[in-house]
Structures are given as structure tokens and as C-alpha cells.
Amino acid sequence: MDTKLYDTILVKHNIFKDIKESLLESTNGKLYNLMELKDDVLYIWNSVENCLFCVNINHLEEHPDETPYQKLHLVSPPAFNVERVTSSECGSRLCLWGARGVTIAELPSRWGRGGLFDSGNKTVLCKSYTLDERFLYSQGDVRRVQWHPGSLSHILVLLSDNTIRLYNIAQKSGPKLVKVIVIGPKPCSQLAGKTILDSLGDTAVDFTSLPGTDTLLILRGDGEVYMVQCSLDPKSPLQPKLSGPLPIYPPADDNYGSESCSICVMGSGETVVVVIATCSAALYHCVLLPAPSDKEKEMDDGYALYVIESVELNVTLNTEAVDMQMSYPVHLYPCTNDTYACMHVGGVHTVSLPVLDQLNNYLLADDAEAEGLVAAACSRSSSARHLVRWGRPGRGLLAVRGARPLLLLLCADGTLLTRNLEPYDLEEQLYKEIQIKNPHLEQDDLNNLLKEKQKLSFTSVVQEILSREASQPILKLDKKEEPSPAECLEVLTQATMRLRAEYMGRQRRAGDAMARKTTALCALAASLAAWRADFAQEIENVKAKSRELAAKRDLAEKHQDDLKYRCSAVVRAVRASCVPSGAERELLRELQQHRRDGDQLAAQLQQLKDLVRHKNDELKKWHEEYKKKETALGKSHSDTISSILQQQTAQISFLIEETKLMKDQLSIV
């Protein structure tokens, strides 16, 4: 799908103008993600009308001016404040959840020419139901909701009472609670508005699943990570065993942050990188590997986390964000196989993980190459980009996968921003672009084109010098609200420092590189001028020599014509002076005689052909006349034949009578 669709057409759609009022509602600085993109349909939750707005991206691409958005009204709308919208893997259900509840919406069928809901009606009614409405609303806060990785009809809900509840939403009688997984002690008493366990960081704040398994990784507020198996086997009455906390190497005094808030998993198969985020926007990249053998018996979990690097994001929180009270002020969203987005109250960062490819190469390498690949993996660190800085927390973030992945960011004022995800692996990106443009080329031709593309130009050198380690993000503020002088001074100071460090210094180095390049080009130009003079002199010499050779060629052609004329005269004279011998004259007479005989035979052959043609015509005419003749018998002949037939009939009758008499005499039946 063309990226211009998102940059030019989607951002101007009426859906963002009509949903602006809903997005401007106060959220106390809490992070919301009210957008979801599934099966080329964009969903946005409208809290004012308590319904879903949706627009078909494919239909919008084909008919930009004829694609209105649709409203999906729920039969049982949520009574709580919706904070997140997530879709099931098959795209037939949407989960709307917040701190006080979880609602499942059954999407209607899509039919019609454009593949719209209910053939394109403006308002569509959807079946919906709420999970344990009374319990979830009164017993605690919902921290995290995720679809079960091994099922399309089961959903996991993490509560603030240190439990994960598994629901089956495909029952005819309604959602059913399958099991409750206890992951810690239940908080009871409160201190300063929070439970004591929350203050100590002993409650779970987030969880995620390992790719391709039923294993869940659970993150607590103190940074400890636990592991539990969440199987869907209904015959197992045993409570899933909670393993952990997983050991983290190298160990740290504060366990890599005392205020952890979010966790996600990058990679697949045996290569898995666990990302842990803290409230201070510090990110830790950990590799999940089997634990050492001596620890395996003590911990009884078999796995450990190895921290390979940490990333500290430059986040400036406004006054509204500092005063807010929330459990997880940082959200992590996997975007591609090696890039994830970090959404916080100050904006959005993207972080790339080049270590994933290095780890894959390490797993596939031999023992001799393994040590070198480990050193290469450790030498290449991650990179972070600051995409946008906003005054109010954003209302949505989506990753659009494709040949050129995009990020869609929904601001609080209803503006949709599109940002490209720059790949760190330029060689792989070039190869993919060449392969897409030339799908019929063989592997050798693709490699040759890739080598041509990889040649570094001076423009690329200058771009590399000017590339910044920390970018200045887009500043997105509400025009109706005037920022405070302290915030303006802080933004101005940071922008000035970054301008000096990341812009001016790099431009100076780029200017020096251009000056060196100019000096080298001037020297090369002087050399080329000298070479050009030498070439001009050589050209004049070649032209003079060519003129001499042309004169010699004309003289040789003249001598050749004279020789041809003399040879022709000699041949004619020789032929004129020759007299035929007696044998030649005899042979000539024989040939002439044979020629006359041949002419006579040809004339006779022609006469025979004419005779045959004449006889054939006569024979054909005779056949035609014979067919026209009518043959008839005379009266005498007819009488004779009749008499003969009568005599034979009488003889036959006499013989029959005699035969009967003989049978009677001989008694033959």
C-alpha cells in the first residue's frame, strides 16, 4: 500500500475532525491508545458518543472522495472510561478496556462492493458484552488486557490484586471465567492513597507472552520478572506454577530501576530480547537464556535475563504529567522485527535493536565463528529517535507494516501524524527495494545491483556527517492553552543546546569535508586540463597522419584501377587470338546434334500428350452417351420369358405333390 495514502489522504479525512471533541476530554495526563488498525480498517473510540468510528483504508485508497466513516454502536456500551482498544488476531472482535472494566465487541460481517460493514450504512449495531462487570469495577484496577497467544476466543486480564484472570468469550451463554492465576499476595491496606504492596513495588504492573508459546512474563513494579505457564487444557485442575523472580545478570543494587512499568518481547524463536521500561523512561534490553546449571536447582525456573544495554530517553514532563497518579506512564509497542516504539507523556521515541540479527547469525554460525560474532553483536548498540513531543499526552499510536513501515500518531487535538521508521540495516533495505522493483532477476543479478547501490557517494558521506544521534522532535502543543514561562524556557534551552551540539558542530564538520573535497576536485581539474592538452596534441598528430594515409590510399587505388584495365585488355586479346581445334569442333557438332534430337523428342512428346487428351475426351463423351440409352424388351421376348416361368411353376407344383405322397408312404412327419 502506498505511503502517500496515509500522508496526504487519511490525515485530511473527516473522521479526525469529528472525533476532536472526544479527544479533548481531560484524562489527568494518562496515556491512552484509542486507535486500532486491523484488516485495513481503522478504528477509533469516541467517548462522547460512546461508539467506534471506523474507515476502510482500501476503499479510501480507491475512492478518496467517496469514503465516509461508519459508526459502530455497541448493544451494551462500556460504563467505564475506555483507555485502550485492541483487536483479536482474526479481526472479528475488538477489546475495549480501561482501569474499571473490559468490554468485548463482536464486529458485524463486511459485505458489499467496497467490503464495508453492513454494505456501507452510516450507523451499524454491534453485539457486545462486559467481562465480570461488577467484579472488575469494584475490586481493583485493570492493569493489562491481552488476547491469549494460543487461542482466538480466550483473553487474559491482569488486575491490581496480583491475579491474572482467563476468560473464554466464545461460550453461547456468555463470557466464562476459566481460571484465576495468582501471581502474588493480595494487597489489602492502603498508605497515602496507594496499597502498601504498590508502594513497595510488589504488585504486577504488566505482562507479555513469549512468541509461539503459552508462557507469560510478568513484570512487577520493583523490576522483578516472573514466568508462568498459561495452558488452555481444561482437564488440568492444578494451579499454574509461578516461577521466579528470574535472575538478572549482571546484578544491580536497584534491580535496574525500582519503578518498572512496562514490558514487551522482541524477536522470535530462540532469539528473544525482553525490553523493560521504567517510569523515568529508562529502557533495559535483556536476552532471555537458560539459567546456569548451579542456579537452576535453586531457582527452579531454568531461565535468566542478561542485560546487554540500557537506553535513557530524553523526556521532559509538563506540569500536568508530573502531578498525575498512574501505574505505568510508559507504553511499549513492537513495530517491526527489530524496532519498537516507546510512548510516554512527553512524546514518542522509536528504538531499533540491531543485536537481534547478530544473535540470529550467532545461533547459525559454527564454533569457530561464534566468538567473533559475539564481539560484533556487543559492538553495535541500539539507536533511539525522538519523533514527536506534545504538550498533552497522545491518544493513539499504530504501526503500519509494509515495505516502508510507518507510525501513525493521534494527537489530543485530533491531528494525525505520520512518521517513517528508518531501518538501521541499509543493506537489507536496499536488497528488499531492488527485489521489489526487479522481481524476475536472478540472485547473481540482484547481488550485482546491490553492489552498485552500495557504492558510497560524497552525498552519502555528508548525510552521514549531518546525521544526528538525538533529533529535535516535532513540537505539538494546544494552541488554545498558553504554556508557562518555565516550560517555554526549558524547551528553548534544550533546543538551543541540541542545536549547538547536533546541528552547528556537524555542519562545521560537513563544511570542512566539503572544503577538502573541493581542494581535491580542483587538483583533479588541473590534472584533467593538462591531460586534455596532451590529448589535443595527440589528436592533431593523428589527424595529420590520417591525411598522409588518405593520400597514399588514393594513389594505391589509382594504380589498382590501371592494373585492372591492363588485365582486362590482356584477357580480351588472348580470347580473340585463340582458334578451336579439331576435337573441339567435333564436340561442338555432337552437342548441336543432341540439341536437335532433343527438340524433335520434345515435339513428339507434345503430340502424344495432345493425343491422350483427345482420347480421354472421346472416352468421356462415349460414357455420357451410353448412360443416356434406354434398354427395353420386345413383345416376343416378353412372351417367351412368361411361358418359361409358367412351365417352371407347374414343374415345381408337381414336385411338391410327389414329395407329399412320398412322405405319406414312408410315414415321415
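Predicted model: local features only at pLDDT ≥ 70, side-chain atom pairs only at ≥ 80, totals over all residues.
A residue is called buried when its relative accessible area is under 20%, exposed when that area is over 50%, and partly exposed in between.

**Stop 1**

**Stop 2: N14 and T67**

Next, select N14 in helix α2, which spans residues 14-18, and note that N14 is partly exposed, with a relative accessible area of 44%. If you then select T67, you have a residue that is 53 residues away from N14 in sequence, while the C-alpha atoms of the two are 9.8 Å apart in space.

**Stop 3**

Strands of a sheet pair through backbone hydrogen bonds, and the pairing may be parallel or antiparallel. Select β17, β18, β19 and β20, which in that order make up an open sheet of 4 strands with antiparallel pairing. Strands β17 (204-209) and β20 (242-243) are the edges, since each of them pairs on one side only. Between them, look at β18, residues 215-220, and β19, residues 225-229, which are joined by 5 bridges in the antiparallel sense. To find one of these contacts, select L219 and then V225, its bridge partner in β19.

**Stop 3: strand β24 and the strands on either side of the pairing**

Move on to strand β24, residues 282-290, where 7 of the 9 residues are buried, so the strand is largely enclosed by the rest of the structure. Strand β23, residues 271-278, runs antiparallel to β24 and is joined to it by 5 bridges; in this pairing, V274 has C286 of β24 as its bridge partner. The hairpin of β23 and β24 has 3 residues between the strands, and in this hairpin A281 takes a positive phi near 65 degrees. Strand β24 also runs antiparallel to β25, residues 303-312, to which it is joined by 9 bridges. Select Y284 and S310 to see a pair of bridge partners, the latter being in β25.

**Stop 4: salt bridges**

The structure holds 9 salt bridges, and three of them are visited here.

- Select R165 and D132, whose closest N and O atoms are 3.1 Å apart in a salt bridge. Because R165 lies in strand β13 and D132 in the loop between β10 and α5, the pair ties together parts that are 33 residues apart in sequence. R165 is buried, at 8% relative accessibility, whereas D132 is partly exposed, at 30%.
- Select R144 and D206, which form a salt bridge with their closest N and O atoms 3.4 Å apart. R144 belongs to strand β11 (residues 142-147) and D206 to strand β17, so this pair links parts that are 62 residues apart in sequence. Both R144 and D206 are buried.
- Finally, select R613 and D610, whose side chains meet in a salt bridge at 2.9 Å, N to O. The two are separated by about one helical turn, because they are 3 residues apart in helix α15 (residues 582-628). R613 is partly exposed, with a relative accessible area of 47%, and D610, at 35%, also counts as partly exposed.

Definitions and conventions: Residues numbered from 1 in each chain as written. Heavy atoms only, no water. Pairing = 2+ DSSP bridges. Buried < 20%, exposed > 50% of the residue type's maximum accessible area, 1.4 Å probe, protein only. Salt bridge = Lys/Arg side-chain N within 4 Å of Asp/Glu carboxyl O.
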